[in-house]
Amino acid sequence: MIISCCDSRVHATSMFGAETGEFFIHRNIANLIPPYNPDGDHHGTSAAIEFAVSFLKIPHIIILGHSNCSGIKNGYHLCKGDHINEDLMFVNKWLNILKPAYDSLEQVGEDNLMIRTLEKDSIINSINNLLEFPFVQQALDSKQLSIHGLWNDIGSGELEMLVPETMSFKTL
Ligand SMILES: [Zn+2]
């Protein structure tokens, strides 16, 4: 399963040289995974993950982030308290998922640098949220599932992978 951004510049299948039908793909704004919240409301991303893990029994989940992500950029400014796009009700509520990753940023450096860091840190935040889902934890415990974080530079095509031991990204 690949969870990637809605951004049309992210070619989740061609990046891996894959054919149609090889991946179960879910796209949302800024490739975010919300916290586990079984409140009976409508949760598209959680439903996609549940279907992939509990029904399809997919062996891998890849969270695929990317450079120049407008979603992450907007989320960054929202978390910072900048008043932008305040009329986007659903988008802004969704981007609130980023808050823990934003809060753990070291508040130094220019916005652009911070936003790039947030693009990667939010992948870690999403993995942390993913681990809260009981069926994900169950699949991990029984060694039927592994989780991966990737970040794609859409300008150069470069791909960076999250190294779990150091929780940092390494160029592939
Ligand atoms: Zn994006």
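Reader: Which residues does cysteine 79 touch, not counting residues up to four places away in sequence?
Author: This is a predicted model, in which local features need pLDDT of at least 70 and side-chain atom pairs count only at pLDDT 80 or more, whereas totals for chains, interfaces and linings use all residues. Residues are numbered from 1 along each chain as its sequence is written, and side-chain values use heavy atoms, with hydrogens and water left out. Cysteine 79 lies in helix α2, residues 70–80, where a helix is a DSSP run of H or I with at least four residues, a strand is a run of E with at least two, and both are numbered from the N terminus. With contact taken as heavy atoms within 4.5 Å, cysteine 79 touches Lys99 and Tyr102.

Reader: Is cysteine 79 buried or exposed?
Author: Buried means under 20% relative accessible area, exposed means over 50%, and partly exposed is in between, using a 1.4 Å probe and protein chains only. The relative accessibility of cysteine 79 is 15%, so this residue counts as buried.

Reader: How does serine 70 count by relative accessibility?
Author: Serine 70 also has its place in helix α2. Its relative accessibility is 46%, and therefore serine 70 counts as partly exposed.

Reader: What covers the buried residues of α2?
Author: The buried residues of this helix are Gly71, Ile72, Asn74, Gly75, Tyr76, His77 and Cys79. Their cover includes α3 (89–95), α4 (99–103) and α5 (111–130).

Reader: How are α2 and α5 oriented to each other?
Author: Axes are lines fitted to C-alpha atoms, for helices over the stretch in contact, and the angles run from 0 to 180 degrees between N-to-C directions. The axes of α2 and α5 come within 9 Å and cross at roughly 110°. Angles under 35 degrees count as roughly parallel, over 145 as roughly antiparallel, 65 to 115 as roughly perpendicular and the rest as oblique. The two helices α2 and α5 are therefore roughly perpendicular.

Reader: What angle do helix α1 and helix α6 make where they pack?
Author: Helix α1 covers residues 44–55 and helix α6 covers residues 134–141, and their axes lie 10 Å apart. Because of their angle, α1 and α6 are roughly parallel to each other. Their contact is made by Ser46, Ile49, Glu50, Val53 and Ser54 of α1 together with Phe135, Val136 and Ala139 of α6. The angle at which they pack is about 30°.

Reader: Which residues are the protein donors of the zinc ion?
Author: Donors are N, O and S atoms within 2.8 Å of the metal (3.2 Å for Na, K and Ca), and since water is not among the atoms, sites may look incomplete. In sequence the donor residues of the zinc ion follow the spacing C-x60-H-x2-C, and histidine 66 and cysteine 69 are buried. Lying 2.0 to 2.3 Å from the zinc ion, the protein donors are Cys5 (SG), His66 (NE2) and Cys69 (SG).

Reader: What is the phi of lysine 143?
Author: Lysine 143 has its place in the loop between α6 and β4 (146–152). With a relative accessible area of 73%, lysine 143 is therefore exposed. Its phi is positive in a residue other than glycine, with a value near 60°.
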